[in-house]
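Okay, thanks everyone. I'd like to walk you through one model today, so let me put it up on the screen.

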Amino acid sequence: MMKYTTEQIIEKLRQLKVVPVIAVEQAEDILPLVKTLAENGLPVAEITFRSAAAEEAIRLVRQHYPDVLIAAGTVLTAEQVVKAKNAGADFVVTPGFNPTIVKLCQDLDFPITPGVNNPMSIEAALSLGIEAVKFFPAEASGGVKMIKALLGPYGNLQIMPTGGISPSNIKDYLAIPNIVACGGSWFVEKSLIQAKNWDEIGRLVREAVALTHA
């Protein structure tokens, strides 16, 4: 398995611009979903530990789609970090800033993009040498306006906003140079996955890719 540094991951995310944030109830649904994503221009998936199927879903993607960039999302515990790493995730994304989880990932040489949404959490990240962060929940935390304000004192941050991102606001986020990519789920809705509506997901993915690369 190819192992990426944080810098390489950021570079890949900058090219992709949008990251599908996925919760699958059935692990086997991940394969047709990732196939649909990759074939339509998005070889990336943030597979969240909001469901018990996450670990197995990550393992399946790693086995069948070795070139797809995999983030393990909504990682809250040390046990989930270890599961994500063993299953083959490329990096970890957390909703908040937990120094214990960050230090564990650093000890395991496992890239992590922790969640921040205020100066306190940003300074906690910087104190551990982390500049690539998730801004969550983006819209509820003040969105583009808040990010621009935070970039005044913290101009070196590389940011991946997630939460409330949609086709109507994603361009506003991506217009900020420090924004690497945005996490979104509008094109991988749970209802579409459960209905196995890969054609509709494919159409929405193509739209998202066209919109973010226009």
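Which are the buried residues of helix α3, residues 54-64? They are A54, A57, I58, L60, V61 and R62, where buried means under 20% relative accessible area, exposed over 50% and partly exposed in between, with a 1.4 Å probe and protein chains only. Those buried residues of α3 pack against α2 (30-39), β2 (44-48), β3 (69-73) and α4 (78-87); a contact here is heavy atoms within 4.5 Å.

Quick housekeeping. This is a predicted model, so local features need pLDDT of at least 70 and side-chain atom pairs count only at pLDDT 80 or more, while totals for chains, interfaces and linings use all residues. Residues are numbered from 1 along each chain as its sequence is written, and side-chain values use heavy atoms, with hydrogens and water left out.

Now the overall picture. The protein has ten helices and nine strands; those are DSSP runs numbered from the N terminus, H or I with at least four residues for helices, E with at least two for strands. The radius of gyration is 16 Å, close to the 17 Å that the globule rule gives for 214 residues, so the protein is as compact as a globular protein of that length. That radius is taken over C-alpha atoms, and the rule is 2.2 Å times the number of residues to the power 0.38. The C-alpha trace spans about 45 × 35 × 25 Å along its principal axes. Of the 214 residues, 53% count as buried. If you take contacts with a separation of 6 or more, 61% of them come from residues 24 or more positions apart.

Let's stay around α3 for a moment. S51 sits in the loop between β2 and α3, and S51 is buried at a relative accessible area of 6%. Not counting residues up to four places away in sequence, S51 touches V24 and E25.

Then look at the loop between β3 and α4, which holds T74 and V75. T74 has a phi near 50°, a positive value in a residue other than glycine, and counts as buried at 13% relative accessibility. V75 is buried too, at 2%. Beyond residues up to four places away, V75 touches F49, Q80, V81, V92, V93, T94 and P95.

Is I147 buried or exposed? Buried, with a relative accessible area of 1%. Setting aside neighbours within four places, I147 is in contact with F135, I159, P161, Y173, I176 and I179.

In the loop between β7 (132-135) and α7 you'll find P137, and a cis peptide bond joins F136 and P137, with omega about -10°. As a reminder, most residues other than glycine have a negative phi, and most peptide bonds are trans. K196 also has a positive phi, near 55°. K196 is in the loop between α9 (190-194) and α10 (198-213) and is partly exposed at 46% relative accessibility.

Last stop, the aromatics. The structure holds one aromatic pair. W186 and F187 form it, edge-to-face, at 4.9 Å centre to centre and 80° between the planes. For that, rings of Phe, Tyr and Trp (its six-membered ring) pair if their centres lie within 6.5 Å; planes under 30 degrees apart count as stacked, over 60 as edge-to-face and the rest as tilted. W186 and F187 are both buried.
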